[in-house]
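Open the model in your viewer and keep the selection tool at hand.

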Amino acid sequence: MKTYDIVIIGGGPAGLAAAVSARKSGIESILIVERDKELGGILNQCIHNGFGLHTFKEELTGPEYAARFIEQVKELDIEYKLNTMVMDISHEKVVTIMNRTDGMVEIQAKAVILAMGCRERSRGALNIPGYRPAGIFSAGTAQRLVNMEGYLPGRKVVILGSGDIGLIMARRMTFEGAKVQVVAELMPFSGGLKRNIVQCLDDYDIPLKLSHTVVDIRGKQRVEGVTIAEVDNHGKPIPGTEEDYDCDTLLLSCGLIPENELSNGMGVDMNRVTSGPNVNESLETSIDGVFACGNVLHVHDLVDFVSEEATTAGKNAAKYVKDGEGRAEGGRDIVLNPIEGVRYTVPGTINVDRMDDNLTVRFRVGGVYKNVYVSAYFDDERVIHKKRPVVAPGEMEDIKLTKAKLQEYPDLKTITIKIEEA
């Protein structure tokens with residue numbers, strides 16, 4: 001059985017940044033396992049710009065951003081396997097992989113970094129009534145068809161869901177000559193970035209109907225039309241508010257789900273809000289030496305934050321391999337407690353003895369709040385009180401913690417993060 005110091009599952013932006021970081025931290029024996037035919041992950045089909053403003057201080061397209069990291073992986077001579085599926089990861093970090101050339105192989109890893117990304121919520125998960133005709137695509141599938149395969153999914157389009165991919169595809173389909181008639185969103189707020197609503201919908205006069213959903217799909221062979229209706233506070237359609245649209249295509253942009261079958265299979269402790277693993281300050285899961293980063297951990301809005309998080313995971317995995325110290329090694333854990341508008345935090349626990357000098361805690365809110373404070377309480381004392389003109393579920397928030405500050409509270413047990421009225 002071949003042995004590697006670190007095996008990274010996924011060759012997208014998270015896996016690439018983690019590999020580069022681990023190599024720069026002094027680990028020679030690294031393997032990236034990627035199921036696609038090329039490195040870069042989802043970025044290869046994201047040909048629009050807007051990537052890299054934080055990481056490279058310039059605006060890049062998705063493939064350009066990925067290429068920067070792929071070049072580093074090749075320059076650093078990091079080994080990777082393409083067209084390779086990971087079948088299983090055991091609790092002892094034995095990774096079972098399979099491809100056409102090697103067949104099925106078992107690899108022993110000293111540390112594993114989970115970087116599998118996420119997938120789109122499918123029609124089956126949405127419970128939309130109607131037949132199952134051709135012409136219904138997830139927004140990401142449509143993006144791949146247009147940008148990589150050179151096919152136009154349809155010419156008269158309705159989009160359900162206002163996630164970032166759906167918003168971007170509204171603009172992309174318009175560029176390709178299709179008519180996007182409406183974007184319907186079940187929630188009373190959009191799930192996408194504000195800039196995408198402005199640049200992809202407002203600039204092209206595409207209406208966004210909040211608190212609306214698809215209640216019927218017409219057509220047996222191919223989509224012929226859809227009916228949307230307004231919904232009440234409980235998400236139930238309101239009779240009499242139905243509107244019919246003739247269309248040949250329905251795109252679904254109804255949220256992303258972290259790709260965690262492997263994590264579940266190996267017994268990692270999961271977070272029911274994010275659908276990703278629970279991690280500590282090192283981005284280490286409940287299993288010693290298994291780390292998670294990127295969209296497999298929680299869904300990010302910017303790839304720059306994915307790279308930043310993955311860099312941390314790579315560095316900490318390298319430290320684990322060198323020191324052999326994981327969760328089990330001493331110190332006290334402080335629990336992060338998200339309440340009153342804050343849905344979750346990453347990480348979920350912090351060990352002050354093991355943390356770096358600075359730690360970024362990322363979180364998302366559960367609704368749109370205006371003129372509020374983001375507050376952090378150390379037990380009962382309010383220590384952070386940040387004024388925010390607006391916070392929304394589509395944009396990730398963060399607070400910065402320092403080791404020096406936490407060391408001033410030797411008996412601290414809980415950090416509570418919440419939204420407070422101004």
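This is a predicted model, in which local features need pLDDT of at least 70 and side-chain atom pairs count only at pLDDT 80 or more, while totals for chains, interfaces and linings use all residues. Residues are numbered from 1 along each chain as its sequence is written, and side-chain values use heavy atoms, with hydrogens and water left out.

**Helix α2**

Select residues 62–75, which make up helix α2. Helices (H or I, at least four residues) and strands (E, at least two) are DSSP runs, numbered from the N terminus. The 14 residues of α2 reach 20 Å from first C-alpha to last, close to the 20 Å expected at 1.5 Å a residue; the expected span is 1.5 Å times one less than the number of residues.

Now colour Gly62, Tyr65, Ala66, Phe69, Ile70, Gln72 and Val73, which are buried. Buried means under 20% relative accessible area, exposed over 50% and partly exposed in between, with a 1.4 Å probe and protein chains only. Viewed down the axis of α2, the buried residues fall within an arc of 155°, so they line one face of the helix. The arc is that of the directions from the helix axis to the C-beta atoms. On the face turned away from the buried side are the exposed residues Lys74 and Glu75.

To see what covers the buried residues, show α1 (13–24), β2 (30–33), β3 (79–81) and α7 (303–323), which are among the covering elements. Just after α2, Asp77 has a positive phi of about 60°.

**The cores**

Next, select Ile6, Ile8, Ile9, Ile89 and Leu114. These residues have the most contacts inside the largest nonpolar core, which has 66 residues. Such a core is a set of buried Ala, Val, Leu, Ile, Met, Phe, Trp, Tyr and Cys residues joined through side-chain atoms within 4.5 Å. Helix α7 gives the most to this core, with nine residues. Another core, of 24 residues, lies apart from it and includes Leu336, Val342, Phe363 and Leu406.

**Aromatic rings**

How many aromatic pairs does a search of the whole structure find? There are six. Rings of Phe, Tyr and Trp (its six-membered ring) pair if their centres lie within 6.5 Å; planes under 30 degrees apart count as stacked, over 60 as edge-to-face and the rest as tilted.

Select Phe378 and Tyr409, an edge-to-face pair with 5.1 Å between centres and 80° between planes. Phe378 is in strand β22 (residues 369–378) and Tyr409 is in the loop between α8 (403–407) and β25 (414–421), so the pair links distant parts of the chain, 31 residues apart. Both residues are buried.

Phe56, Tyr65 and Phe69 form one aromatic cluster. The charged end of Arg68 sits over the ring of Phe56, 5.0 Å from its centre. Lys418 has its charged end over the ring of Tyr377, 4.7 Å from the centre. The criterion is NZ of Lys or CZ of Arg within 6 Å of the ring centre and within 35 degrees of the ring normal.

**Two single residues**

Go to Val368, in the loop between β21 (358–365) and β22. Val368 is partly exposed, with a relative accessible area of 39%. Beyond its neighbours within four places in sequence, Val368 is in contact (heavy atoms within 4.5 Å) with Phe189, Val390, Val391, Ala392 and Pro393.

Finish at Thr96 in strand β5 (residues 94–99). Is Thr96 buried or exposed? At 10% relative accessibility, Thr96 counts as buried.
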